[in-house]
Amino acid sequence: MGQREAESDGIEIREAETGDVDGIRNVALASLRASYADVLDEEVIETAVENWYADEAMDAELDEDGMLYLVAVAGDTVVGFSQNLVSEEGGTGTILWLHVDPDNRDQGVGSTLLKHTQAVLSERGVEHVAAEVLAGNENGTRFYEENGFERSIERETEIGDGTYTEVVYVQEGKEKFEVREYDGQTLYVNWLESDRGSKAPFFAAYSDEDGENLYGYFCSNCESFDTAMDSMERLECNECGNTKKPVRWDASYL
């Protein structure tokens with residue numbers, strides 16, 4: 001993608017490069033501390049950043065198909081970034097993280113980064129955009145609501161030794177379910193609720209059209225509902241061997 005000049009003075013939005021990794025890591029640590037200090041232990045935050053944004057992990061992610069990092073740069077300094085999962089199946093994109101350095105907040109950087117993220121996702125064929133944030137991050141939930149997103153679902157997630165509520169936001173007015181038949185049963189695939197896979201994303205599948213009763217997961221690599229998850233939340237497709245990859249707060253990272 002070409003470079004995009006942001007609306008905020010002196011801020012440039014562009015796709016991340018290897019040389020941005022230190023800046024991404026610094027922004028992530030400062031942003032998580034500012035947003036989750038009252039929710040998560042400092043040790044959990046530091047461990048998460050150390051593992052998620054390690055040089056080797058980032059080198060792999062920047063080259064990974066379906067993963068998009070955009071950075072907001074002021075001069076030579078990264079002041080914000082978004083990490084996004086892009087899936088051609090269903091034309092969906094998930095904003096896994098959108099971080100802005102605390103010293104650069106309240107200057108329009110976050111909203112500008114979000115708009116550019118949506119624009120790039122649209123260029124890549126994404127029609128439906130979801131965003132994930134812990135419910136305890138009130139500034140984060142308010143940010144998405146003020147920028148035209150609405151609450152879709154809430155789910156429990158394990159972080160360290162605690163259980164927390166995570167909220168999935170979606171763009172207003174976007175359809176999220178597709179009806180599919182499997183083994184004589186009508187299932188509803190939620191294209192806005194995805195997990196990274198080793199071959200292709202998994203999508204949540206519900207047995208009701210309101211999305212309240214989780215049936216299991218749909219493997220988009222082979223279009224099968226024959227998947228299984230063990231006690232450690234390791235998800236695998238029994239048909240093609242596609243496996244869930246760690247993302248966000250997965251225990252394998254922490």
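Contact, as the word is used on this tour, means heavy atoms within 4.5 Å. The model is predicted, so local features need pLDDT of at least 70 and side-chain atom pairs count only at pLDDT 80 or more, while totals for chains, interfaces and linings use all residues. Residues are numbered from 1 along each chain as its sequence is written, and side-chain values use heavy atoms, with hydrogens and water left out.

Select Met229 to begin, and you will find this residue in strand β13, residues 227-229, where strands are DSSP runs (E, at least two residues) and helices are likewise DSSP runs (H or I, at least four), numbered from the N terminus. Leaving aside residues up to four places away in sequence, Met229 touches Tyr217, Arg234 and Leu235. The C-alpha atoms of Met229 and Tyr217 are separated by 9.3 Å, and the two residues lie 12 apart along the chain.

Next, select helix α1 (residues 21-36) together with helix α2 (residues 42-52), whose axes come within 10 Å and cross at roughly 155 degrees. Axes here are lines fitted to C-alpha atoms, for helices over the stretch in contact, with angles running from 0 to 180 degrees between N-to-C directions. On the α1 side, Arg25, Ala28, Leu29, Leu32, Arg33 and Tyr36 meet Glu42, Ile45, Glu46, Val49 and Trp52 in α2.

Finally, keep Tyr36 selected and show its surroundings: not counting residues up to four places away in sequence, Tyr36 touches Ile45, Trp97, Val133, Leu134 and Asn137.
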